Amino acid sequence: MDVKTKNKIRNILVGIWWAATGCAAVVLLVAAVKKKDAKLCKGIEVNISGVSTNFFIDKQDVLKVISSFTGTKPIGKPMDAFNLAAMESALKKDVWIQEAELFFDNNDKLRVEVEEREPVARVFTTGGGTFYIDSSNMMLPLSEKFSARLPVFTGFPTDTKVLSKADSSLLRDVRNISMKLQSDSFLMAMIDQVDITVQRNFEMVPKIGGQVIIFGNASDLDAKFNKLLQFYKKVIMKTGWNRYSIINLQYKNQVVAKIRGKDDVSADSLRTRQMMEIIAANAAKYAEDTITRFKQDDKKNNDISMIQQSIQRDEPGDEGNDETPAQPVAVPQAKPVTAAPVKLATKPVQKPAAVKKKAVTEKKKPVIKQQKPKATMPSANEY
């Protein structure tokens, strides 16, 4: 037998061996799959991630979707009764779920991994609508389970879900400003709300001071917020919270502030009245949503002393700065005013002293009852 014939026979035998091995592997794999499918589900574990403190979807919501495919009691049912792909698709239809993955582990437990969308801003429209947005700029509806504590933006120009290019760009600016506010604890505690102007710029309303912070567009966020922090630290703490009516951050490398005048007092009154009307209208329309977040119940965020301490904290590069914070001014207290004693006009009557004293005492009673003078401490010589 020549060499070619030997090689040919050897190749045929090798091919037959590999074919037999492949068939055996397929048979074993099919048998293993059938054996696993015959097993029963021993439990369900749900893990919800992607959020910090807000949970707009919970374990019960996930189990409800699973039960819609397997029945009321999924635990104890065969594994082949679980259509995992269909369950994942059903979970992803929930607007608050960004990703969902289902699989059985080695302990025959169904593992459900859910990544929830996390809102980053609350937006109110000019038409009275409201919604959340997440980091991907997706518009999210309000939730009956939870009301998130987030920066509030008012004056968004439309209620439609399909946005124009300009409105989409504006919503991205809202997201960027909101995420920047949340990254700094002082800014988050200080800024009450952000108004969107007709020119699609931004104006901020602080919790303390009554100024209007003209922010402009969403460009140079870091530089503008840094200027605001420095202005609060080096100017406001020395001049007082109510000295300025406008703080303008639009100019490069400088802050332009306007000292409060009579015209500003009138404008503030009008603005306050308009804001109260807007809040009242939104509260009536969304009473179940607890829009009372405008009045923050977090004592840390409403504590003026905390904000002042945040401003006065040592910043890198402040060493050697001989500037000192403004000292508090003592306001003199008004002295208590005591009511003047009432003199009784009586005609002289020729009667004995005892009778006269009795008459005067009887006439004093109605006078004392009517005047009710404030109590005063007796002088030292009366003790």
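The model described here is predicted.

H2 spans residues 59-70, 12 residues in total. From its first C-alpha to its last it reaches 16 Å, close to the 16 Å expected at 1.5 Å a residue. The buried residues of H2 are Val62, Ile66 and Thr70. Viewed down the helix axis, the buried residues of H2 fall within an arc of 65 degrees, so they line one face of the helix. An α-helix has 3.6 residues a turn, so residues three or four places apart point the same way.

The other side of H2 carries the exposed residues Gln60, Lys64 and Ser68. After H2 comes glycine 71, which has a positive phi, near 110 degrees.

## Packing of H4 against H6

Two packed helices are described by the angle between their axes and the distance between the axes. For helix H4 (residues 165-182) and helix H6 (residues 221-239), the axes come within 11 Å and cross at roughly 45 degrees. An angle of this kind makes H4 oblique to H6, and the crossing of the two helices is right-handed.

On the H4 side, the contact is made by Asn176, Ile177, Lys180 and Leu181. H6 contributes Leu221, Asp222 and Phe225 to this contact.

How values were computed
Residues are numbered from 1 along each chain as its sequence is written. This is a predicted model: local features need pLDDT of at least 70, side-chain atom pairs count only at pLDDT 80 or more; totals for chains, interfaces and linings use all residues. Side-chain values use heavy atoms; hydrogens and water are left out. Helices (H or I, at least four residues) and strands (E, at least two) are DSSP runs, numbered from the N terminus. The expected span of a helix is 1.5 Å times one less than its number of residues. Buried means under 20% relative accessible area, exposed over 50%, partly exposed in between (1.4 Å probe, protein chains only). The arc is that of the directions from the helix axis to the C-beta atoms. Axes are lines fitted to C-alpha atoms, for helices over the stretch in contact, and angles run from 0 to 180 degrees between N-to-C directions. Angles under 35 degrees count as roughly parallel, over 145 as roughly antiparallel, 65 to 115 as roughly perpendicular and the rest as oblique. A crossing is left-handed if the near helix is turned anticlockwise from the far one by less than a right angle, and right-handed if clockwise. Contact means heavy atoms within 4.5 Å.
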